[in-house]
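Let's walk through a protein model together, one step at a time. Take a moment to turn it around before reading on.

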Amino acid sequence: MTDVIVKANNISTEFYHSFLLGSSQPLEYLKSRGLSMNSIEKFKLGFATNVSLIGNLLRAKGLPFSHLVKKDNDSEDYFKERIVIPFLDGDNTIFFTSRSIYDIGTRHLHLRGGIPTLYNSNTLLDAKYVFIVESPLDAITLEQNGIRAVAKLGTGLNLLENLLIPQIFLIPDIEESRVGEIDAIKTAAYLYSIGNIDVRIVYLPSNGVKVDPNLWFMDHTIEEFRKLPIIQARDVEPIIFPGLHGPETFTFEQAAQKTRVKKDVVAKTGDEVAEIKRKANLLEIMRDYTNSQGIQTGEAVLFLCPLHNDRNPSLAIYPATQSWCCFGGCGGGDVINFIQRIEDINFKQALELIKTRYLGD
Ligand SMILES: [Zn+2]
């Protein structure tokens, strides 16, 4: 990530935060979920307006803003009318996610381009244990009670690979479909497969139903939390969930089995990715997207950057290394992440697109 993006993110964090502090409805919403003012300030939670101020603010400062406005209309805030949650790394904001409070659109909306790390990953430093939950507000609730917690936000398990922490606890999301509980079992099986990590599961029962940390801590204390039963992931009872043709069962052993198979597939996928990167001609692909031949200057070929509103060619392609870099703040990388960014799709979809459109597969 470039310095200018971080700078733009930092300014935006302060801006969203001060806007939240002056907005009664979103502030009340957070308090109604049990978050203290101290936590709201510590985690620099914010709120995005319904009119675009962020685009104009950053534009006026000459900073990149395309990631924080709507793709088709740069006068509209990308996080419009949502709680904005920055991923803080020391004093810097490296990413944003958001939460809808009016139940409009998806519950969690992340910045485009994929989640780079676990939410609140700073807490992992020197940690002897960590709780993994699904949503940032749940992680904040736990931290508020003196418990180290990160949020996974439904992202890939690969983000967990570097968790060198002896004790990991999962608090599954509880839904009728039981997807959250199944996901927790899969996560546990995965962690077990990569390093024999002992994963335990904690449920938060309240009035006979299991609830999420936000709700639970509304009428329970930290002392009660410490007394909750802790279950070894491998000992969790089989989960019975509504399948297509009636009830189905999911167990830890099934998850472990799948993880073993997946490892073989991942090894093969690695080769495939390398091959796509080697075969795809990034220069030709950029010519295709920009309808231009580009300007040859030394090692590089320069284009108007299609990822931001570019007036002077600021995107360089280096054919020798098959890489790109935008000096206007969009970052850089290889052919796959370029396609991901411009098409707003995930890694796998980008591979498919490159294969079908450019490699004639
Ligand atoms: Zn750019």
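Predicted model: local features only at pLDDT ≥ 70, side-chain atom pairs only at ≥ 80, totals over all residues.

In which helix is confidence lowest, and in which is it highest? Confidence here is pLDDT, the predictor's own score for each residue, from 0 to 100. Helix α9 (residues 252-279) has the lowest confidence in the protein, at a mean of 76, while helix α3 (residues 37-42) has the highest, at 97. Helices are DSSP runs of H or I with at least four residues, strands are runs of E with at least two, and both are numbered from the N terminus. For the protein, the mean pLDDT is 88, and 95% of the residues reach 70 or more.

Residues are numbered from 1 along each chain as its sequence is written.

Now find the sheet. Four strands form an open sheet in the order β1-β2-β3-β4, with antiparallel pairing; two strands count as paired if DSSP finds at least two bridges between them. At the edges stand β1 and β4 (108-110), each with a single partner strand, so one side of each has no neighbour in the sheet. In general, strands of a sheet pair through backbone hydrogen bonds, either parallel or antiparallel.

Follow the pairs one by one. Strand β1 (residues 46-47) meets β2 over two antiparallel bridges: G46 is opposite V84, and F47 has I83 as its bridge partner. Between β2 and strand β3 (residues 92-100) there are eight bridges, again antiparallel, and one of the pairings joins L88 to T93. These two strands form a hairpin with two residues between them, and G90 in the turn has a positive phi of about 65°.

How enclosed is strand β2 (residues 82-89)? Seven of its eight residues are buried, so the rest of the structure largely encloses β2.

Finally, look at two helices. Helix α11 (residues 335-343) packs against helix α12 (residues 347-358) at an angle of about 105°, with the axes 9 Å apart.

How values were computed:
Buried ≥ 20, exposed ≤ 12 C-beta atoms within 10 Å, placed from the backbone. Axes fitted to C-alpha atoms, helices over the stretch in contact; angles between N-to-C directions.
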